[in-house]
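Work through the following exercises with the sequence and the structure at hand. Each task is followed by a solution in steps.

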Amino acid sequence: MVVPSDDAVLIEKGKRPGAPYLITVNCTDRTGLACDVCWTILDFGLYVHKGDVSTDGIWCYIVLWVVPHSSSHIVRWATLKERLLSICPSSSTSFYLDQPSPRSVSSPLYLLTFYSLDRKGLLHDVTQVLCELELTIQRVKVTTTPDGRVLDLFFITDTLELLHSKERQDETCQRLQAVLGESCITCELRLAALQHDSIQIMPSLSPDVAEELFRSELSEKETRLQALSPDVKKMEKAYVMVDNSLSPAHTLLQINCVDHKGFLYDILRTLKDCHIQVAYGRSSAVNNGQRELDLFVQQKDGKKIVDPEKQEALCCRLKMEMLHPLRVIITDHGPDTELLVANPVELSGKGRPRVFYDVTYALKVLGICIFSAETGRHSTSNREWEVYRFLLDENCNLHLSNKVVRSQIVDKVRRTLMGW
């Protein structure tokens, strides 16, 4: 297959300081391409200010205005272009909308092991280094020993596919040792003996915890917490209107919801998994904390969505994914306090990026040490989830058994994940 031309992806700097960068993707189309582009942009710590997507079923044109989530965040624009080019189909091959989005090919799995003295924020600092090095965390196992030391096992893959080289391995260990300082005792990196599928298995959750974490409907309290924005202290809702009168061939979905990080990705991910094809879409800039999105769509068979039951099911699914894209709860795990975060996995096998990064950052800001951490996959009756489990260290300034404190922790983690 011919590699797409460099012209397939263009990145232009804003004309004035602080102005959004303009990303243009112009290539052969395939199912889920816009979703994969938004996933990659989210993985690079970027926020979609506004955007347009259009396709005739053979060729796709995507225009996105993006800004970093943080003014201090350094974006590797050249690397981002390479990543976007890698997901563009070859122009020498015919791609059509009914072609399924390919599952990602597994890269070699490596085991990063380091042993160090414990301190607040250690896990996030390590995660930040791995993100900067474009090393993807597949699973984590963190354990604190009785003498206050930490044994961390990171199963990782390399986006650059260079981790087999001694130079890349040395760079990784040196960067980690630099951020850990004198607290680092040992750091080792080697090819893992396990495969991807085997490391994703997680010990089962109790039925009560699983029911609370994966419930399909939200209570009024949860809806209010999920939809609360930093500046609007009132309950917000997500609206999805279906209109079949404006186009002879497409159904118009008019979407309005409180803005959050990954807003466009969450919607496109949902449509991708529901086998709904987007012919044209326009996402406006945020107005008073709200985001509007118009999408002209078709079913997989190329027809409009006219069945009232299908319309209602799709609208309910979209509302849930906008208001409740990630699940965050705190529960008791024996005598310990456990924070659980669940992240939906696409049918293509990918989960939302940077979740572990955001959760560890929120806990670092709160001054909470992590006694142990573990990640893995959990399957429910209708979908698969990535689950992040954190046992919180009781030796902090917060009383973790207090309900108010627990609500504050959940709120901080949720707001960080949502970009509020």
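**Exercise 1. Describe how helices α1 and α8 pack.**

Step 1. Helix α1 covers residues 33-43 and helix α8 covers residues 263-273; they pack at an angle of about 145 degrees, with axes 9 Å apart. Helices are DSSP runs of H or I with at least four residues, strands are runs of E with at least two, and both are numbered from the N terminus. Axes are lines fitted to C-alpha atoms, for helices over the stretch in contact, and angles run from 0 to 180 degrees between N-to-C directions.

Step 2. The α1/α8 crossing is left-handed (the near helix is turned anticlockwise from the far one by less than a right angle).

Step 3. On the α1 side, A34, C35, D36, C38, W39 and L42 make the contact, and on the α8 side L264, Y265, L268, R269 and K272 (contact means heavy atoms within 4.5 Å). By class, the residues of this contact are 8 nonpolar, no polar and 3 charged (Ala, Val, Leu, Ile, Met, Phe, Trp, Tyr, Cys and Pro count as nonpolar, Asp, Glu, Lys and Arg as charged, the others, Gly among them, as polar).

The model is predicted: local features need pLDDT of at least 70 and side-chain atom pairs pLDDT 80 or more, while totals for chains, interfaces and linings use all residues. Residues are numbered from 1 along each chain as its sequence is written, and side-chain values use heavy atoms, leaving out hydrogens and water.

**Exercise 2. Which strands pair with β11?**

Step 1. β3 (residues 46-55) pairs with β11 in the antiparallel sense over 4 bridges, S54 being partnered by Y280.

Step 2. β12 (residues 290-299) pairs with β11, also antiparallel, over 7 bridges; here R282 stands opposite D294.

Step 3. β11 and β12 form a hairpin with 6 residues between them, and N288 in the turn has a positive phi of about 55 degrees.

Step 4. In β11 (residues 276-283), 6 of 8 residues are buried (under 20% relative accessible area, with a 1.4 Å probe and protein chains only).

Note on methods:
Buried means under 20% relative accessible area, exposed over 50%, partly exposed in between (1.4 Å probe, protein chains only). Two strands pair if DSSP finds at least two bridges between them.
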